[in-house]
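Hi everyone, thanks for coming. Let me put the model up on the screen, and then we can walk through a few places in it together.

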Amino acid sequence: MRQLPVLLAGLSLSAAALAAPASATGDKWDLPVATKKLDNGLTVIVTEDHSSPTVGVSVVYHVGMRLEPKNRTGFAHLFEHLMFQGTPNAPKGVFDKTITGGGGRNNGSTRADFTNYIETAPASSLEPILWLEADRMKTLDFNKDTLKNQQDVVKEEIRVNVKNQPYGGFMWIDIGQHAFQKWENNHDGYGSFEDLEGASLDDVRAFHRDYYGPNNAVLAIAGDVTPAQGFALARKYFGAIPARPVPKGGDFSEGLNKVEKRVQQGDALAQVPALAAAWKMPERGSRDQAAMAVLGELLAGGDASVLYQGLVKGRELALNTDVLFGLTSPWEFDGPTLFTVYTMYKPTTNADTILNAMDEEIAKIVKDGVDAATLKRVKTRMLADWNNGLESFISRADTLARLQTLWGDANVVNKIPGWIEGVTSSDIQRAASTYLVKNNRTVIDRKPIAMVDKVDVIGTQTAPAGAQTKPLDGARK
Amino acid sequence: MKKLMLTLAISMMFAPAAYAADAPATAKAGAMPAYGKDKPIPTPKIVKKTLANGMTVWVVPRQGLPRVDYVLAVRGAGYAADDSAHPGFASLLAGMINEGSARRDSRAIAEAAQGMGGSVAAGSYSDGISVQANAVASQAGAMMSLLAEVARTPSFPAKEVELAKANALQALRAAEATPRFRAERAINAAVYGEHPYGHTQPTESAINSVTQELLRTEHAKRFRPDRALLVITGRIGEAEAMKLAQAAFGDWKAEGPALAETAPAPRAANPARILLQRANSVQSTIRVGGPGIQASADEQVPLRLASTILGGGFSSRVNINLREQKGYTYGASAGARMNRVGGAIVGGADVRNEVTGAALTEYFNEYKRIGSELVPADEMTMNKRYVAGGYLISNQLQGAVANTLAQNWLIGLPPEFLGQYVPLIQKVTPQQVREVSKKYFAPEAQSIVVVGDPAAVSEQLKPFGEFKVSEK
């Protein structure tokens, strides 16, 4: 992730709307989705909305942490940074300044299965944005200065988010290292400093050549543009970029875990203990996927959720509860991923008590299912949240590009509400009893270092590495 | 013609290879295209009304997604109203708003909101508390009722108060572990001194001393219709919105004397040098700051643009210098923060230990430069367009629109400011930017706060003066 520094109170503003965008009847909302594949394999998606004279653009490449070279942990993300470092046609600084001068904002991020590049700006900037995206798809300015500069910046990113922070992102970085078996799924996507420093210009060239061709990418444009305009511009700027061979990915699949794994970590910076419990999710496209999504919302979607009411309120054990679906959402993954519950708990309790409380709540769902009124409430909020997430043109474009990349069908955006609606109480019972079971669970108990009990490593398959080496490293992951 | 010239000027600066100096932008095949024609900046249409009890209601109907957004802003109810024994009290008060009402307990409130596809919750700021609510369009009426219920009749159940206090104490411990929390606390105290703007974070004793009675009394004093604004936006008609507002809030009465207005914040401070100890920290969290101005001050618009140029985005001066040129940090920013009766100038970055002193030097170099040299025309243009674009982009989000209107009202800006902002920014001259920068970004006026490892950084800080080393 690049970063927009946010120290300042927002200077943002405004109001006014012109015409109705997507069709909206009652509380339902459907997005128009027009898709076209160029001859070079680039998939282009346009979703039209003239309610604001702006556009959102997303270019998603089908490569992420899972596909980075084995001795180059963190490379997919480092490479994301290098995509902003200029090309022979648009040297360093041009990219950001052109977007800024066009009134826009840009960013990028790296996930297990994809890397995205996003912009939003007044519609007058659409052509320069597409030119810039096409330009860096063609070639980068490979040079040692910008590589060194971004190695430094990424190291600072890791310091600020991991090494210098209490908890150090253990609920999303460390948990996968323990939950998964295959290297592609379980290595640290932020990377070791050693691997980051070892990245060479040849690595950069090879990664760009292999994974950043048009045939491995999706371009989505949302907002003040018609499909005809969008497709014509895509052809104009991207059409002449030749397709490039993409290395075949391996088989990343893993079954569910069969033995619970528990790890204790000491944290030199934290003052309050925290816990992450993660269960392997059903595969993308599985009939259980929507049920898991609804179950996740039921368990931890806000103050009305089962775990908030059960752990923070009822039993008064925890300060908060939160859930993660990998680093994306229940709909945006293409390999093994996790459903993770994260909670900061009170020093007067312990991990066993927290886990038992969670298990009790889950057991109730398995046994009794969900009453109709609760299920309706949960679905109503979920559907509203789904629409809310598509409000801004930048996330609208990005969601379409991600769904196209992962599902091969951007129109999944309009199918998901129906999938949510279709989930029944028995689907939720089945999902809870299949996935949210102890043996499929990985737990990290992260404590202030003074609270760490040196012999308290529970669980059968945990090498004590988690307890013996990590505490000394504190927040380092 | 003007547009083309402007675009060319920018492009030539940024993409010299792509633009021959004497060729129009479109002449070269494969060159970066010029920006297209800009569409007019839409001016917001706000329907305004004052209810008989003095409450202000603004409606901004929109045709976007099927949702309504409400923001009930209560002026003077925020941190500035907290007494010195209860810093941060406003956040507890806000947090308790949806933990029980005359009709419902906390769980029932949460479930009702969930069933409407939205939420209702309050947040606290220096100049006020705002209760925000949203729901799917079909639940507009029900959510309006729920909003009024929690805002007007919170019950502060004893059990919820105790739980909130216990959790707030733990949350404070957790926050204390983050360098950012400590840095913000120290820079605010350095900039504002004893003024309540300088003490917005809670302390252990402040949390411990909160009682049900205190919450009730303060709620009664702070929440009153004559100090409240309700913004309504989304898929709702103007008449319907006004009708709902009248039904939910029309019989709300102001009782007792209103709280006093907040005294003006200081415009000057003795620059402090503070090193907050954090053993084994691998980074220094830096804040550089001094007093600024209130949001309604004459100089606010040039100061906002100066802030954008200096530290407001990827292409800002401090970010390009410290991140892109030097690689010291993941992100650097700087600029003005403006409240109702005063403001602050704050810059900050997290940098690795070895470059702590060097980063401060670069901050001050940039502060000095923007206060002494005129910003070049192309950089002025780029940043003005950046501001205008931001206006259009945030305009897409109806919740953001409602919030901005409410925030502006809390800090003393009229509703018209929304539509005036971009045109006002476009009129700012390089001379004005230099002038306000010289005044407010003067290096000698800035306090410095560093949260880090004294063993690793003390030596580097010596050129910047004598640092007081402390725990808090």
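This is a predicted model: local features need pLDDT of at least 70, side-chain atom pairs count only at pLDDT 80 or more; totals for chains, interfaces and linings use all residues.

Let's begin at B:Gln446, whose side chain reaches the backbone nitrogen of B:Gly290 at 3.2 Å.

Residues are numbered from 1 along each chain as its sequence is written, chains are lettered from A and ligands numbered from 1 in the order in which they are written, and side-chain values use heavy atoms, with hydrogens and water left out.

Back to our glutamine. B:Gln446 sits in the loop between α16 (430-440) and β11 (447-452) of chain B; helices (H or I, at least four residues) and strands (E, at least two) are DSSP runs, numbered from the N terminus. Is B:Gln446 buried or exposed? It is buried, with a relative accessible area of 0%, where buried means under 20%, exposed over 50% and partly exposed in between, with a 1.4 Å probe and protein chains only. Leaving aside neighbours within four places in sequence, its contacts (heavy atoms within 4.5 Å) include B:Pro271, B:Ile345 and B:Phe364.

Next, another loop residue. B:Val375 lies between α12 (356-372) and α13 (377-395) of chain B, and counts as buried at 4% relative accessibility. Beyond four places in sequence, B:Val375 touches B:Ile309, B:Arg317, B:Ile370, B:Met380, B:Pro430 and B:Val433.

Now for the interface. How many residues of chain A are in contact with chain B? There are 94, meeting 108 residues of chain B. The rule finds nine salt bridges across this interface, each a side-chain nitrogen of Lys or Arg within 4 Å of a carboxyl oxygen of Asp or Glu. B:Glu324 forms a salt bridge with A:Lys92, with the closest N and O atoms 2.9 Å apart. On the chain A side, α4(A) gives the most, with 10 residues.

That's my tour; happy to take questions!

Definitions and conventions
A polar contact is a pair of N or O atoms within 3.5 Å; within protein, one must be able to donate a hydrogen and the other to accept it, and residues adjacent in sequence count only if both atoms are side-chain atoms.
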